[in-house]
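Hi,

Here is the structure I promised to pass on.

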Amino acid sequence: ADLFLRLALGFVPVTVFLLALELLDNYRLVRFRAVLEALLVGCVAAVSCFFINQWALAHLHLSLPVYARYIAPPVEEAAKAVYLIYLFRRKRIGFLVDAAILGFASGAGFALVENLTYLSSQIGIHPIHGVVRGFGTAIMHGTTVALIGILAKNLSDRRGKERISFFWPGLGLAIIIHSLFNHFLLRMQLLTSFVFLVGLPPLVMFVYGRSERSLQRWMDAGVRADVELLDMIRTGTFLKSRM
């Protein structure tokens, strides 16, 4: 019964996450099926990273704290970013909100497997401890992937093309956040989870808001130029203009 309760707690953060994602998508741009697909892919990425991390720990001869702080973050963030790159290449992300929602969902799937693995290995853990740590982990993994997607999509829209290099800024930021989380998690699990739970969502909304405003200004400038050109053509002043 205790094991069942601990495993059930692992689903609480992800369930809340999915409800929050639905509320974020005011215009219903992302199908719920796509969110579930991203969640599943995140689970697969977590399982893959589990075996990669086990192999690396056995062959690199590093202590667990060192590996968790400096090696695991780039490995796991790169694994989570692969799905977003795939979506971009298949033209399945049209707006910033798509990148944010599908990134969060993928990260939540990754956190689900991580939480279930952690909770199933702990004996006598307090339910509150499990929930707080689970939410902290889910927020961290969801935030990092969302930031990768938001920054890449913003660069892609402003440049009018898609490049793999557009993922580097977000990936670097994600690795830093992940590393900081692991630095403090090994010492103060509850406090670290709580701080990241409170601090990371505003960071995502800040980056998302800045990206939206930047994209809006870029689009407005393009629209104004098109309207001015059309007006000159209609009034017959185009031939006298510099254009």
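How does the distance between the end C-alpha atoms of H2 compare with the span its 29 residues should have? This is a predicted model, by the way. At 1.5 Å a residue, H2 should span 42 Å, and its end C-alpha atoms sit 41 Å apart, so the two agree. The helix covers residues 32-60, and just after it His-61 takes a positive phi of about 60°.

On burial in H2, the list runs Ala-34, Val-35, Ala-38, Leu-39, Gly-42, Cys-43, Ala-45, Ala-46, Cys-49, Asn-53 and Ala-56. Residues three or four places apart in an α-helix point the same way, because there are 3.6 residues a turn. Phe-50, also in H2, has 39% relative accessibility and therefore counts as partly exposed.

With 2% relative accessibility, Ser-106 counts as buried. Leaving out residues up to four places away in sequence, Ser-106 touches Ala-38, Leu-39, Gly-42, Lys-80 and Val-145.

Lastly, the helix pair. H4 (residues 72-89) packs on H5 at an angle of about 145°, with the axes 10 Å apart, and the crossing is right-handed. H4 brings Glu-76, Lys-80, Leu-84 and Leu-87 to the contact, while H5 brings Leu-102, Gly-103, Ser-106, Gly-107, Phe-110 and Glu-114. Those residues divide into four nonpolar, three polar and three charged.

Cheers

Note on methods. Residues numbered from 1 in each chain as written. Predicted model: local features only at pLDDT ≥ 70, side-chain atom pairs only at ≥ 80, totals over all residues. Heavy atoms only, no water. Helix = DSSP H or I, 4+ residues; strand = E, 2+ residues; numbered from the N terminus. Buried < 20%, exposed > 50% of the residue type's maximum accessible area, 1.4 Å probe, protein only. Expected span 1.5 Å × (residues − 1). Contact = heavy atoms within 4.5 Å. Axes fitted to C-alpha atoms, helices over the stretch in contact; angles between N-to-C directions. Left-handed = near helix turned anticlockwise from the far one by under 90°. Nonpolar A, V, L, I, M, F, W, Y, C, P; charged D, E, K, R; others polar.
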